[in-house]
Amino acid sequence: VCHLWRAPRMAEDDHSTNDPSSTVSTDTSLTLDTLPELEKFIDVDEAVLADDYTDDVAGSSELERTAKYCRDCHVASQRLYHVDALSRVCTSLEDEHSFPIDLITDLAEDDDNDVRRSIAMQMDAFASCLARFSDRLDQLNAIKLLGVTFMLVEDDCEEVIEAAENACSVVASLLSQDKQRSLLLSTLQTFGESEEEEVRMSSAKILGSLAKTVGLDMTKSHVLPSLLNLTTDEEFRVRQTVASSICETIEVLDSKTVLDSVLPAFMQLSKDSVWAVRAACAKHIVRLVQAIPSDQMLVIASEAFDPLANDVSFNVRTAAFEQLGPLIFELGSLEVPTIFVDYFTSMAESSTSSSALQQTCAYNLPGVALALTDKRWFELRPAFSLLAASLNWRVRRTLGCSLHDVAKIIGRDNAEKDLLPVLEKLLEDTDDVKIGVVNHLADTLSIVGSAARLSLCRLLTTFNSQDAEKIGNWRIRFALAEQLLPLTRLMSGAATAEFIVPILLLYLDDAAAVVRD
């Protein structure tokens with residue numbers, strides 16, 4: 001029952017004729033052949049698509065009408081509309097006996113890629129319908145649905161394959177452990193031995209996603225061994241998929257199994273001859289470290305990260321550095337080695353051609369500062385200054401959006417010394433940068449002393465007053481208007497009257513209604 005193979009595709013009818021005496025117009029037949037394709041690019045009223053011609057099939061149920069047009073409708077766009085609606089129609093069914101598994105199977109074998117893609121994308125919804133009917137596992141329809149899912153996994157359309165792969169874990173939840181072992185995992189093991197690279201890739205991807213569904217015991221006994229067998233696959237794309245999937249099993253495995261089985265496989269893949277495989281390992285290094293006991297975490301993190309950070313491939317190094325911030329945060333309860341901090345601050349020194357690393361550094365700065373605490377802020381100070389002076393406005397905007405978080409972490413003295421000069425410059429930056437600072441201005445100023453607060457408030461009376469009579473950059477003025485009330489809570493009555501009230505009166509007559517409101 002598990003294996004429901006799609007029938008071979010039928011060749012398209014040839015409407016042309018080789019008979020020179022024929023009076024049939026070849027041009028006309030070719031034009032008609034193209035109509036189904038042209039329908040995809042024509043806007044059709046949804047009411048027309050949804051029209052099920054109820055009067056023509058009086059007394060039929062919604063499912064029967066939907067099935068009729070899924071099978072028989074010759075207007076491609078209208079037919080696809082009803083195929084897309086099939087899972088919604090199934091939600092109104094009362095029991096599993098009315099579940100249209102035969103229709104789903106037929107549509108999964110359809111010649112139209114769009115129809116098969118639609119069915120594949122609804123597989124999880126179909127599974128949810130079956131789960132609603134009964135708490136009983138191993139329903140016949142559930143087993144058949146698994147067969148349809150596997151059939152779609154072996155499709156030749158990438159979108160169909162991906163949707164089916166994603167649905168496997170949901171369908172698997174409808175099966176008992178015995179059926180998971182005998183039908184699900186055995187089939188995936190067969191897929192892993194397939195001669196087709198794409199099928200082996202699907203096997204690896206699905207195995208990783210199944211760990212949470214099948215649980216610890218079956219992951220250790222079936223899922224993990226199958227993945228480990230694929231770590232030496234001759235095709236690098238299979239090994240690349242395994243590098244990602246093997247890290248998904250970590251979430252359910254015990255630390256001993258991670259150390260004994262997963263870690264050696266990860267280290268082997270991280271030294272693969274193909275950079276794409278090593279990059280896949282780099283992207284999942286944080287997940288690996290999270291599963292390591294704290295007494296071994298620093299050593300293993302260093303052993304795994306150092307080679308990737310110094311890899312000959314720019315793509316691998318970039319993938320590793322993108323994970324460095326979260327890695328340091330994960331090590332926050334420990335004494336983070338200086339080498340990791342040096343790696344992190346080196347991202348701020350990236351040239352303009354590698355500004356993506358600068359942006360990654362700016363984005364992760366608050367988390368790294370929190371992990372290191374204010375006592376080690378001095379190690380991050382040079383990187384902070386470089387980021388604030390970056391030529392890339394996106395880097396400066398990212399930094400500006402997090403100034404309030406950094407201020408809370410490093411404390412008043414460091415904030416007044418290092419952050420306030422940067423804040424003043426960013427308030428004079430482009431609107432895209434400035435708005436990130438203004439949105440959290442009160443939170444930032446709540447950290448510093450009253451004298452520093454007053455010096456910054458003087459800037460507020462001048463940095464946008466000339467635009468109040470224009471719509472212009474109304475978003476900046478709107479952002480500042482929302483900060484006026486929180487700012488008054490931080491200031492004395494005299495300071496409020498001197499700095500805040502003039503802005504308030506000015507904005508009451510602003511050209512933008514949203515600012516006035």
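Tutor: Please keep in mind that this is a predicted model. In general, a disulfide is a covalent bond between the sulfur atoms of two cysteines. In this case the structure holds zero disulfides. Cysteine 73, for instance, is in no disulfide, and the nearest cysteine sulfur, which belongs to cysteine 70, is 9.1 Å away.

Student: Is cysteine 73 buried or exposed, and how does cysteine 157 compare with the cut-off for being buried?

Tutor: A residue counts as buried when its relative accessible area is under 20%. Cysteine 73 has a relative accessibility of 12% and therefore counts as buried, and cysteine 157, with a relative accessible area of 11%, is buried as well. For the background, buried residues make up 50% of the 517 residues in the protein chain.

Student: How many helices and strands does the protein chain have?

Tutor: The protein chain has 30 helices and zero strands. Among its contacts between residues at least 6 apart in sequence, 71% join residues that are at least 24 apart.

Student: How should I read the packing of two helices, and what is the angle between helix 17 and helix 18?

Tutor: Two packed helices are described by the angle between their axes and by the distance between those axes. Here helix 17, which covers residues 294-309, packs against helix 18, residues 314-322, at an angle of about 135°, and their axes are 8 Å apart. Because of that angle, helix 17 is classed as oblique to helix 18.

Student: Which residues meet where helix 17 and helix 18 come into contact?

Tutor: From helix 17, Phe305, Leu308 and Ala309 take part, and they meet Val316, Arg317, Ala320 and Phe321 of helix 18. Sorted by class, this contact between helix 17 and helix 18 has six nonpolar residues, no polar ones and one charged residue.

Student: What should I look for in the backbone angle phi, and which phi does aspartate 138 have?

Tutor: Most residues other than glycine have a negative phi. Aspartate 138 is not a glycine, yet its phi is positive, at about 65°. Aspartate 138 lies in the loop between helix 8 (123-133) and helix 9 (140-153), and with a relative accessibility of 23% it counts as partly exposed.

Student: Where is threonine 373 found, and what is its phi?

Tutor: Threonine 373 is found in the loop that runs between helix 21 (355-372) and helix 22 (377-388). Threonine 373 has a positive phi of about 70°, although it is not a glycine, and at 35% relative accessibility it counts as partly exposed.

Student: What does the side chain of asparagine 392 reach, and is asparagine 392 buried or exposed?

Tutor: Asparagine 392 has its place in the loop between helix 22 and helix 23 (393-401), and at 17% relative accessibility it counts as buried. Its side chain reaches the backbone nitrogen of arginine 394 at 2.8 Å. The C-alpha atoms of asparagine 392 and alanine 356 are separated by 9.3 Å, and these two residues are 36 residues apart along the chain.

Student: To finish with a residue inside a helix, which residues is threonine 496 in contact with, leaving aside its neighbours within four places in sequence?

Tutor: Threonine 496 is found in helix 29, residues 493-507, and it is buried, with a relative accessible area of 15%. Once its neighbours within four places in sequence are left aside, threonine 496 is in contact with Thr488, Met491, Val501 and Pro502.

How values were computed. Residues numbered from 1 in each chain as written. Predicted model: local features only at pLDDT ≥ 70, side-chain atom pairs only at ≥ 80, totals over all residues. Heavy atoms only, no water. Disulfide = S-S within 2.5 Å. Buried < 20%, exposed > 50% of the residue type's maximum accessible area, 1.4 Å probe, protein only. Axes fitted to C-alpha atoms, helices over the stretch in contact; angles between N-to-C directions. Parallel < 35°, antiparallel > 145°, perpendicular 65-115°, else oblique. Contact = heavy atoms within 4.5 Å. Nonpolar A, V, L, I, M, F, W, Y, C, P; charged D, E, K, R; others polar. Polar contact = N/O pair within 3.5 Å; in protein donor to acceptor, adjacent residues only side chain to side chain.
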